[in-house]
Amino acid sequence: MKTSNPVLARLGQAAERERSAGYAPAGPYGQPGIPQQYPSQADYPAAPPTVAPMTIDDVVVKTVTLLGILGITAAAAWVLVPDALVGPAWIGAAVVGLVLGLIISFSRMANPALVIAYAVVEGVFVGMVSKAFETRYDGIVLQAAVASFGIFFLMAMLYRAKVIRATPAFVKGMIAAMVGLFAVMMINLVLALFGVNTGLRDGSPLAIGFSLVCIVVASLSFVLSFKEIEDGVRMGLPQRYSWVAAFGILVSLVWLYIEILRLLSYFQGDD
């Protein structure tokens with residue numbers, strides 16, 4: 001099974017090697033394959049271990065698990081972190097989450113512990129950001145959460161109905177857009193530290209337009225995640241890679257939520 005994702009291509013080769021060691025690829029509906037049988041027990045006295053392939057259900061369970069961990073951590077941080085420490089906790093969690101996210105993204109091996117650690121750190125980040133916004137704009141957190149999950153399920157339905165397809169051109173365009181936005185946000189952050197206001201985050205028409213662009217790109221990034229999951233199941237990636245797939249969905253959800261939170265705040269006005 002070919003894929004336009006170079007990381008999945010490498011993982012697919014690894015999966016092929018593992019399949020040759022004792023398991024068949026997933027069936028047409030993502031069900032585990034049947035371990036290969038040997039012609040004679042006398043010829044092969046010790047069968048190699050069976051490695052279960054990833055399924056859609058695995059990804060769903062892992063995604064729900066990560067969202068649960070993030071939600072519980074966010075709620076705990078909201079309640080336990082004093083108001084005076086919201087800012088430092090927000091910044092610290094953002095930096096640690098960025099480092100962990102980059103490690104997971106560029107690593108070739110699935111590490112459940114690292115993915116869970118990322119969910120915990122992002123929970124602190126989301127909790128602190130949400131507390132800061134909710135303190136100033138009553139009810140904004142619920143609105144942003146409902147909008148985020150609504151967009152996620154809408155994108156899932158559009159992808160399932162094949163209204164949006166992850167063509168090679170779409171994938172390349174999305175990767176370029178996400179890298180570009182990440183670079184712009186990092187540059188804007190550095191300039192802000194030196195007191196330079198670029199207008200991208202101050203509630204101006206430019207800021208509203210930038211947030212809308214980020215929301216559109218974050219929403220479309222779900223299509224990339226769905227495609228990666230679909231390709232991973234068809235290629236028979238080992239079950240542990242469902243953690244990586246769930247991580248991708250979590251990243252997009254958090255990004256989308258934060259951008260919607262920002263956009264809503266622009267229309268709230270000052271109290």
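In this predicted model, the span of residues 59-81 is 96% helix and 0% strand, and its end C-alpha atoms lie 32 Å apart. Residues 87-106, by comparison, are 100% helix and 0% strand, with 29 Å between the end C-alpha atoms.

**Spans in the record**
- Both of these spans come from an unreviewed UniProt entry, which lists residues 59-81, 87-106, 113-133, 139-159, 171-194, 206-229 and 241-258 under "transmembrane region".

**Aromatic pairs**
- A pair of aromatic rings is described by how far apart the centres are and by the angle between the planes.
- The structure holds six aromatic pairs, and one of them joins tyrosine 159 and phenylalanine 226, whose ring centres are 5.6 Å apart and whose planes meet at 50°, so this pair counts as tilted.
- Because tyrosine 159 lies in helix H5 (residues 140-160) and phenylalanine 226 lies in helix H7 (residues 205-235), the pair ties together parts that are 67 residues apart in sequence.
- Tyrosine 159 and phenylalanine 226 are both buried.

- Phenylalanine 222 and phenylalanine 226 both belong to helix H7, where they are four residues apart, about one turn of the helix.
- Phenylalanine 222 is buried, as is phenylalanine 226.

**The cluster**
- Ring pairs link Tyr159, Phe222 and Phe226 with Phe152 and Phe153 into a cluster.

Key
Residues are numbered from 1 along each chain as its sequence is written. This is a predicted model: local features need pLDDT of at least 70, side-chain atom pairs count only at pLDDT 80 or more; totals for chains, interfaces and linings use all residues. Side-chain values use heavy atoms; hydrogens and water are left out. Rings of Phe, Tyr and Trp (its six-membered ring) pair if their centres lie within 6.5 Å; planes under 30 degrees apart count as stacked, over 60 as edge-to-face and the rest as tilted. Helices (H or I, at least four residues) and strands (E, at least two) are DSSP runs, numbered from the N terminus. Buried means under 20% relative accessible area, exposed over 50%, partly exposed in between (1.4 Å probe, protein chains only). UniProt positions are given in the numbering used here, feature names are shortened, and annotations may be inferred rather than shown by experiment.
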